[in-house]
Each structure stands twice: as structure tokens, then as C-alpha cells.
Amino acid sequence: MKAIILNSGVGSRLKEYTANNPKSMVQITNKDTIFSKAMKLLRKYDIDEFIITTGYLNEVLEEYIMENFSDLNFTFVHNPEYSSTNYIKSIDYINDFDEDTLLLHGDLVFDEEVLEMIVSSSVSSVVVDSSVNIPEKDFKAKVVENAVEKISVKYFGEDALSCQPLYKLTAHDWKIWKNKIHDYCQEGNTNVYAEEALNELLTDRIRLNAMDVKGYYCSEIDTVEDLNNYKELIGDAND
């Protein structure tokens, strides 16, 4: 299995915390950055390659990773257009491969139990949480009979659940989504979420299981408020 961690964004909503480093290097506890906390959990699984997309301050991130995780196998994929495109373009730069894939955003913080649930899934799955209110600005999933039919920041239907960008995809489903992403980019649609390409495939070509984590922590650190909330709720407790 391969893991793709998306790290191309500037992280401007974290203000001074991202002035000199990419968002995933923001310190969230005394011991960990967002990235190091994720890697401590991910390295427990049979992942043969970590594919890291980069953009803003890519050399800072690459140096940090190689200094701290030199025993693991990393491939860095730089998106030179990171400031004018969304992460759909970063994914398009990744070379094709034929393996199951774990896909997550580089600003995602999650409990070990969440990772265990998603990695253990034998079918393509994405994290949802039925125990929390749906967010105003972040991803929501339209879920029908435990299958995801749509992922969007704009969906507010009665069947919407909070959704986090942590996916387990079979090799077959990853290949289909990756090809659709390439089609989008070839048509110039590089400023949209990669989930727009996925939505065209759901139900007919890809069945995406809704992995309900029911209150276990899984959330992106997008803003200073997100960071302060994490430190207040969890902080060093899990170090």
C-alpha cells in the first residue's frame, strides 16, 4: 500500500504559524508537529512508499522530513503551480501506480483508532462522523445506506454528515479517480477540489464506504482557531 499526503497549500489562515514553514510543520504539542504526529501512526502499517506533494516552502518540508524520518521511503512530488491551483493539480503530478492507496491531507490530525478503522477497511472508504454537527465551510458527505454519493463543502442536505479527507482506496478505484483527475486538469479545471472529479464516479463506477468514526478525533488544522481548539481539547494528552 502507498500513502499520499497532500502538502501543497500555503496555509495562510494559520497566519504567523506558517510564515516560515508549511502548514504540516505547525507545532501542535510540545513534541509533535501535525506531520510528525501523523507519521508516528502511519509508520505502524505496511506502507512501502509515502508520496508527499509539496508546494509552499517545499525545500523546508523536504529537509524536515529527511532529518526526522530518514528510515522511511519518501517520494516528493512538487507542484510548481501551487499558488494558482488546488490540490487536484498536485495529485495529477503523481506518477501512476497500481496499489491500494491511503490518501490524506497534510493538515489532518487524527486518533489512532481512526487510522486503524480506515486502513483495515477492505473496500474503498472515507471518514465521516455522525456524532458531530456538519461544518459550515468544510467537507460534507451525502450518505445513503452507508455509501457516499457526494462530497462537497456546499452540500447541506438532511443526509449530510461531516466528512474528513482521509481515504482508503482500492487500486482499482484509485486508478479510476486518478484518471478522472487527469481529465479535469487537461480541461483546465485545476482550481476545483479533487472531490468534484470523484463525485462524477460515485455510485456508478466507485462505491465509497462511509467509515463512521463516531466521535474519535479527526479534523484539519486550517485556522488559528482550529489550532487553539486542538491544544485546548487534546494538546499534550496523547503525547
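# Briefing on a predicted protein model

The side chains of Glu49 and Lys2 are joined by a polar contact of 2.6 Å. A polar contact here is a pair of N or O atoms within 3.5 Å; within protein, one atom must be able to donate a hydrogen and the other to accept it, and residues adjacent in sequence count only if both atoms are side-chain atoms. This is a predicted model, in which local features need pLDDT of at least 70 and side-chain atom pairs count only at pLDDT 80 or more, while totals for chains, interfaces and linings use all residues. Residues are numbered from 1 along each chain as its sequence is written, and side-chain values use heavy atoms, with hydrogens and water left out.

**Overall form**

- The protein has seven helices and eleven strands; helices (H or I, at least four residues) and strands (E, at least two) are DSSP runs, numbered from the N terminus.
- The C-alpha trace spans about 45 × 40 × 35 Å along its principal axes.
- Of the 239 residues, 56% are buried. Buried means under 20% relative accessible area, exposed means over 50%, and partly exposed lies in between (1.4 Å probe, protein chains only).
- Among contacts (heavy atoms within 4.5 Å) between residues at least 6 apart in sequence, 74% join residues at least 24 apart.

**Glu49 and strand β2**

- Glu49 belongs to strand β2, which covers residues 49–54.
- Glu49 counts as buried because its relative accessibility is 15%.
- Apart from neighbours within four places in sequence, Glu49 is in contact with Met1, Lys2, Ala3, Asn73 and Thr75.
- Strand β2 pairs with strand β3 (residues 74–78) in the parallel sense, over five bridges; two strands pair if DSSP finds at least two bridges between them.
- In this pairing, Thr54 stands opposite His78 of β3.
- Together with helix α2 (residues 58–68), β2 and β3 make a right-handed β-α-β unit. A crossover is right-handed if, with the strands pointing away from the viewer, the path from the first strand over the helix to the second runs clockwise.

- Strand β4 spans residues 101–105 and is mostly covered, as five of its five residues are buried.
- Thr101, Leu103 and His105 point one way from β4, whereas Leu102 and Leu104 point the other way.
- Strand β1 (residues 2–7) and β4 pair in the parallel sense over five bridges, with Ala3 opposite Leu102.
- Strand β9 (residues 160–169) runs antiparallel to β4, and four bridges join the two; Leu166 in β9 is the bridge partner of Leu104.

**Cysteines**

- The structure holds zero disulfides, a disulfide being a pair of cysteine sulfur atoms within 2.5 Å.

**Residues with positive phi**

- Most residues other than glycine have a negative phi.
- Asn146 is not a glycine, yet has a positive phi of about 70°.
- Asn146 is found in the loop between β7 (140–144) and β8 (147–152) and counts as partly exposed, at 40% relative accessibility.
- Thr203, which is not a glycine either, has a positive phi of about 75°.
- Thr203 is placed in the loop between α6 (194–199) and β10 (208–212); with a relative accessible area of 49%, Thr203 is partly exposed.

**Asp173 in helix α5**

- Asp173 lies in helix α5, residues 171–186, and is buried, with a relative accessible area of 8%.
- Asp173 and Ser124 are 49 residues apart along the chain, and their C-alpha atoms are separated by 7.3 Å.
- Not counting residues up to four places away in sequence, Asp173 touches Ser124, Arg205, Ile206 and Arg207.
- The side chains of Asp173 and His172 are joined by a polar contact of 3.0 Å.
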